[in-house]
Amino acid sequence: MSPDFNELVGGENATPEELAGLRRVHELLLSATPPPELSRRLALPPRIRRRPPRIPTGRMRAAFALAAAAAVGIAFGLGYSLGHGGPLLTVTRSMHGVGPLASASALIEVGKSEAGGKRELEMTVRGLPASARNTWYELYLTKRGEPNELCGRFRAGQSALTVVRLNAPDDLEEYTGWIVTARISGQQSRVLLTT
Amino acid sequence: MHEPLAPSTSNSPNLSADVATPVVSDGELLVATATGDRKAFGELYDRYARAVLGLALARLGDRGRAEDAVQETFTSIWRAAATYRPERGPGAPWLFTVARNAMSNQWRARGDLPVEAPDEQSLELGPDERAEQAWRSFCIHRSLEVLPAEQRAVVELAYWHELSQREIAARLAIPLGTVKTRTRMALQRLAVALKEDLQ
């Protein structure tokens with residue numbers, strides 16, 4: 001039998017606003033699965049290195065950025081080349097918000113190469129405002145920071161999270177990044193998320 | 001999740017007592033972890049291990065793989081903590097994204113498709129709703145960790161063991177009034193902890 005809110009909380013000492021907040025929590029708890037118990041294996045954090053990697057600064061950062069960009073390019077090229085009829089290989093990329101939507105984020109999971117020169121992708125976006133009438137979002141692959149290949153359009157609902165399935169071209173190694181833009185019918189788009 | 005744990009604005013002393021206890025935010029723990037602070041990392045683990053395991057069980061559907069994903073998630077958190085930017089938002093969404101990434105790595109490592117095992121309440125849900133539910137469960141499981149043990153016990157007995165307040169009192173050998181007080185205070189604390197993430 002589900003617990004009764006009035007039995008749990010009563011209400012004689014609470015303001016209506018407080019009661020509404022408590023009822024919301026009550027409903028969330030009713031909808032939640034029981035939290036799992038940790039096994040002995042998970043009783044402690046995993047063994048870790050002495051120190052986490054540090055972010056380099058100044059000139060070192062620029063040098064590392066160049067090296068990293070080269071490495072990512074090679075990895076992209078190698079990975080997607082292998083995807084052409086090779087072993088199953090998927091790629092995950094994370095995106096972060098920019099400007100007023102700095103707290104937004106997204107995760108793109110790209111599937112293996114499929115017939116027709118396309119790859120299916122799934123994007124999970126958090127923190128995009130719900131789409132108003134005649135507005136939508138667009139996911140682009142970019143070259144040197146400029147939108148180049150449209151992967152698809154989508155709209156966001158009231159949920160904090162939006163999950164969409166779109167398509168990417170087969171030759172991902174030709175591109176350098178991803179962006180999500182907001183588009184209002186008849187107006188220029190603006191970038192909201194980037195890799 | 002509770003970043004920062006805002007002081008209660010309650011006018012009710014019964015409901016607001018001890019809710020405003022200051023805690024270190026998840027973001028602050030991530031920043032400390034990036035400097036090699038093992039204690040901060042351990043605190044993050046204590047706060048999030050069960051939430052990540054819950055997410056992994058729902059997504060991967062297998063206890064062994066889910067436990068692997070939990071370990072991979074926290075290894076990634078240790079390695080990547082320096083990439084967390086407090087100005088971009090609280091720590092919970094960042095941790096959620098890292099956890100999902102770790103689970104994607106699990107699929108890739110095995111070369112198979114995600115199970116996305118739905119729980120009973122999500123059988124009819126689409127991808128958006130499933131993702132929303134995963135985020136909600138993640139936040140709820142995480143928020144339970146902010147409760148003192150005695151408050152958490154009454155919540156778990158009420159909601160997941162479906163015991164009445166009287167039965168909880170008998171089980172814990174405490175007065176019924178104490179059960180009611182602890183329950184109210186627990187819900188109040190959870191309301192504060194969940195406010196930012198589940199508006």
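This note comments on selected features of a predicted model with chains A and B.

1. Strand β4 of chain A. This strand spans residues 135-143, and seven of its nine residues are buried. β4(A) pairs with two other strands of chain A. With β7(A), residues 177-184, the pairing is antiparallel and runs over eight bridges; with β5(A), residues 146-154, the pairing is likewise antiparallel, over seven bridges.

2. The bridge partner of L139(A) in β7(A) is V180(A).

3. The β4-β5 hairpin of chain A. Two residues separate β4(A) from β5(A) in this hairpin, and R144(A) has a positive phi near 50° there.

4. H141(B) belongs to helix α6 of chain B, residues 127-144. Is H141(B) buried or exposed? Its relative accessibility is 2%, under the 20% limit, and H141(B) therefore counts as buried. A polar atom of the H141(B) side chain lies 2.8 Å from the backbone oxygen of T33(A). Leaving aside neighbours within four places in sequence, H141(B) is in contact with T33(A), P34(A), P35(A) and P36(A) from chain A, and with R50(B), A51(B) and G54(B) from chain B.

5. Helix α8 of chain B. In this helix, residues 165-172, the buried residues include Q165(B), I168(B) and A169(B). Viewed down the axis of α8(B), the buried residues fall within an arc of 100° and so line one face of the helix. An α-helix has 3.6 residues a turn, so residues three or four places apart point the same way. R166(B), A170(B) and R171(B), on the other side of α8(B), are exposed. The buried residues of α8(B) pack against α1 (5-9) of chain A, as well as against α7 (149-159) and α9 (176-195) of chain B. After α8(B) comes A173(B), with a positive phi near 55°.

6. Nonpolar cores. The largest nonpolar core has 64 residues, and those with the most contacts inside it are L29(A), Y48(B), F74(B) and I77(B). Helix α3 of chain B, residues 38-60, gives the largest share of this core, 12 residues. Apart from this core lies another, of 26 residues, including A106(A), L166(A), W178(A) and A182(A).

7. Contacts of F74(B). Not counting residues up to four places away in sequence, F74(B) touches P46(A) in chain A. In chain B, F74(B) touches F41(B), L44(B), Y45(B), Y48(B), A49(B) and V52(B).

Conventions
Residues are numbered from 1 along each chain as its sequence is written. Chains are lettered from A and ligands numbered from 1 in the order in which they are written. This is a predicted model: local features need pLDDT of at least 70, side-chain atom pairs count only at pLDDT 80 or more; totals for chains, interfaces and linings use all residues. Side-chain values use heavy atoms; hydrogens and water are left out. Buried means under 20% relative accessible area, exposed over 50%, partly exposed in between (1.4 Å probe, protein chains only). Helices (H or I, at least four residues) and strands (E, at least two) are DSSP runs, numbered from the N terminus. Two strands pair if DSSP finds at least two bridges between them. A polar contact is a pair of N or O atoms within 3.5 Å; within protein, one must be able to donate a hydrogen and the other to accept it, and residues adjacent in sequence count only if both atoms are side-chain atoms. Contact means heavy atoms within 4.5 Å. The arc is that of the directions from the helix axis to the C-beta atoms. A nonpolar core is a set of buried Ala, Val, Leu, Ile, Met, Phe, Trp, Tyr and Cys residues joined through side-chain atoms within 4.5 Å.
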